[in-house]
Amino acid sequence: SGTVSVGGRDVRQWDPAELMAQLSLVFQDVYLFDDTLVANVRIGRPEASDTELEEAARLSGVDEIVARLPLGWDTPVGEGGRALSGGERQRVSIARAILKDAPIVLFDEATSALDPANEQHVIEALEHLRQRSTLVVIAHKLSTVEAADNIIVLNEHGEICQQGTHAELVNQGGTYQDFWNLRRAAQGWTLT
């Protein structure tokens, strides 16, 4: 029951193309087209200037990838982006979102399988995006949501069981605090 509204308008009343223009999507599994690195980033906003492209690359960490690749921006990434690591594909997806500059950005488990270096780039990009867009972040990795203005916790039935800031939820007990304590307890674990 209820409605989901964008700009005060029920999403069911939006033309699908107009609604999608309001959104940028960053998923856990990023698909890149069998084209160059620059073409895959420019999908976010093809008419963007070179300066805007370079800024999106800097903010997402794609500039490091460009500097390392032998053909730079003109490097073919292969079908699905197979020439890049998962973390690098994730950075390309974030560069697309930054370049698109949509008012709403949806991150779905965008940091779940990243190494620390790639995760740091994603977190920095999230911080940039939250200054200009509404971010909806779906995550199990608590470092991704710790700085959120509002965290909504779902129970095992997909129902909202808690809502608040990280500090509020950690201090009030319940599902979030339990999850937080389990994650903290596991931080020092290593496989031997």
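The following legends describe close-up views of a predicted model.

**Figure 1. The largest nonpolar core of the predicted model.** This core comprises 30 residues, and those with the most contacts inside it are Leu37, Val62, Trp73 and Leu84. At least two residues of the core come from each of helix H2 (37-42), helix H3 (50-60), helix H4 (62-68), helix H5 (86-100), strand E4 (104-108) and helix H6 (116-130). The most is given by H5, which supplies 6 residues.

**Figure 2. A nonpolar patch on the surface.** Met20, Leu25 and Phe27 make up this patch, and together they have about 240 Å² of accessible area. Phe27 belongs to strand E3 (residues 23-27). The relative accessibility of Phe27 is 37%, so this residue counts as partly exposed.

**Figure 3. The aromatic pair Tyr31 and Phe33.** The structure contains 1 aromatic pair by the rule applied. The ring centres of Tyr31 and Phe33 lie 5.6 Å apart and the ring planes stand at 85°, which is over the 60 degrees required, so the pair is edge-to-face. Tyr31 is partly exposed, with a relative accessible area of 42%. For Phe33 the relative accessible area is 42%, and this residue is partly exposed.

**Figure 4. Arg9 and the ring of Trp14.** Arg9 is placed over the face of Trp14, at a distance of 4.2 Å from the ring centre.

**Figure 5. The salt bridge between Arg12 and Asp10.** The side chains of these residues meet with an N to O distance of 2.7 Å. Arg12 has a relative accessible area of 62% and is therefore exposed, whereas Asp10, at 13% relative accessibility, counts as buried. In the whole structure, a search finds 10 salt bridges.

Figure 6. Glu55 is bridged to Arg58, with the closest N and O atoms 2.7 Å apart. Both residues lie in H3 and are separated by 3 residues, about one turn of the helix. Glu55 is partly exposed at a relative accessible area of 35%, and Arg58 is likewise classed as partly exposed at 47% relative accessibility.

**Figure 7. The salt bridge between Arg132 and Asp101.** The closest N and O atoms of this pair are 2.9 Å apart. Distant parts of the chain are linked here: Arg132 is in the loop between H6 and strand E5 (134-138), and Asp101 is in the loop between H5 and E4, 31 residues apart. Arg132 has a relative accessible area of 48% and is partly exposed; Asp101, at 36% relative accessibility, also counts as partly exposed.

**Figure 8. A network of salt bridges.** The residues linked in this network are Glu127, Arg130 and Asp149.

How values were computed:
Residues are numbered from 1 along each chain as its sequence is written. This is a predicted model: local features need pLDDT of at least 70, side-chain atom pairs count only at pLDDT 80 or more; totals for chains, interfaces and linings use all residues. Side-chain values use heavy atoms; hydrogens and water are left out. Patches are made of residues with over 30% relative accessible area and no salt bridge: like charges are joined within 9 Å, nonpolar side chains (Val, Leu, Ile, Met, Phe, Trp, Tyr) within 5 Å. Accessible areas come from the Shrake-Rupley method with a 1.4 Å probe; for residues, only the protein chains shown count as cover. A salt bridge is a side-chain nitrogen of Lys or Arg within 4 Å of a carboxyl oxygen of Asp or Glu. Helices (H or I, at least four residues) and strands (E, at least two) are DSSP runs, numbered from the N terminus. Buried means under 20% relative accessible area, exposed over 50%, partly exposed in between (1.4 Å probe, protein chains only). Rings of Phe, Tyr and Trp (its six-membered ring) pair if their centres lie within 6.5 Å; planes under 30 degrees apart count as stacked, over 60 as edge-to-face and the rest as tilted. A charge sits over a ring if NZ of Lys or CZ of Arg is within 6 Å of the ring centre and within 35 degrees of the ring normal. A nonpolar core is a set of buried Ala, Val, Leu, Ile, Met, Phe, Trp, Tyr and Cys residues joined through side-chain atoms within 4.5 Å.
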